[in-house]
Amino acid sequence: MTPLMKWFCRKSGKSKFTAKDIAAMKATAALKAADRNPYSWNMDFYEYPDGSGYEGRFTKCGICTLMQELGLYDLTPAMCYLDYTMSEAGGVTNFVRQYTLASGGPYCDCGYKKKGK
C-alpha cells in the first residue's frame, strides 16, 4: 500500500461512525444508482442493533459489471478482498463479510464493526 493510500484510509477512518458518515451511507443507499448507471452500485444500509457498527449490503455491483465486460471476472473476488485491507488501514474498524456477489453470493455484505466491540 502506498503512503498516499495509507493516508487516505486513515483519514477516512477518522470519520467512520459519525453522524455525517451514517447520513452519507443512507443517502447512497437511497440513490439506487445502478438503476441508472451499470457501473455503479445499489445497496441497502443496516445499522447493527447492538450499536457495534453497520453494514452496506450491495445487490448490484459496478465492478462486477465492468469486470464481466472486460473478460476479467475471475479476478473480481481478489478486488473484493481489498475491503479488508482498506478497513485495517483505516484503523478504527474490523471488516466483516459473509458473501460477495463476485463469489456467487446473494449480495455483497460490507460490515464495519467498531474495534473493541
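This is a predicted model: local features need pLDDT of at least 70, side-chain atom pairs count only at pLDDT 80 or more; totals for chains, interfaces and linings use all residues.
Residues are numbered from 1 along each chain as its sequence is written, and side-chain values use heavy atoms, with hydrogens and water left out.

We start with the sheet. An open sheet is formed by 4 strands, ordered β1-β2-β4-β3, and the pairing is antiparallel. The edges are held by β1 (42-47) and β3 (93-96); each has a single partner strand, so one side of each is left without a neighbour in the sheet. On average, neighbouring strands of the sheet are turned by 20° against each other, direction ignored. Two strands are said to pair if DSSP finds at least two bridges between them. In general, strands of a sheet pair through backbone hydrogen bonds, either parallel or antiparallel.

Helix α3 (residues 62-69) comes next. Its buried residues are Gly 62, Cys 64 and Met 67. Buried means under 20% relative accessible area, exposed means over 50%, and partly exposed lies in between, with a 1.4 Å probe and protein chains only. The buried residues of α3 pack against β2 and α4, where contact means heavy atoms within 4.5 Å. Just after α3, Gly 71 has a positive phi of about 75°.

The loops also have residues to look at. Ser 40 is in the loop between α2 and β1. It counts as buried because its relative accessible area is 15%. Leaving out residues up to four places away in sequence, Ser 40 touches Ala 33, Ala 34, Lys 60, Cys 61 and Gly 62. Lys 32 is placed in that loop between α2 and β1 too. Its phi is near 50°, a positive value in a residue other than glycine, and at a relative accessible area of 24% Lys 32 is partly exposed. In the loop between α1 and α2 lies Phe 17, a residue other than glycine with a positive phi, near 75°.

We now turn to charged side chains. The structure holds 6 salt bridges, each being a side-chain nitrogen of Lys or Arg within 4 Å of a carboxyl oxygen of Asp or Glu. One of them joins Glu 47 and Lys 26, at 3.6 Å from N to O. Glu 47 is in strand β1 and Lys 26 in helix α2 (residues 19-31), so that pair links distant parts of the chain, 21 residues apart. Both are partly exposed, Glu 47 at 45% relative accessibility and Lys 26 at 43%.

Another salt bridge is formed by Lys 60 and Asp 35, with the closest N and O atoms 3.2 Å apart. Lys 60 lies in strand β2 (residues 53-60) and Asp 35 in the loop between α2 and β1, so the pair ties together parts that are 25 residues apart in sequence. Lys 60 is partly exposed, at 40% relative accessibility.

Lys 115 and Glu 88 also meet in a salt bridge, at 3.5 Å from N to O. Lys 115 is in the segment after β4 and Glu 88 is in helix α4, 27 residues apart. Lys 115 has 36% relative accessibility and is partly exposed; Glu 88, at 47%, is partly exposed as well.

The surface comes last. Met 1, Leu 4, Trp 7, Phe 8, Met 79, Leu 82 and Met 86 make a nonpolar surface patch of about 720 Å². Helices α1 (3-14) and α4 (76-90) are the elements that give two or more residues to this patch. Patches are made of residues with over 30% relative accessible area and no salt bridge; like charges are joined within 9 Å and nonpolar side chains (Val, Leu, Ile, Met, Phe, Trp, Tyr) within 5 Å. The areas come from the Shrake-Rupley method with a 1.4 Å probe, and for residues only the protein chains shown count as cover. Trp 7 has its place in helix α1 and is exposed, with a relative accessible area of 51%.

Definitions and conventions. Axes are lines fitted to C-alpha atoms, for helices over the stretch in contact, and angles run from 0 to 180 degrees between N-to-C directions.
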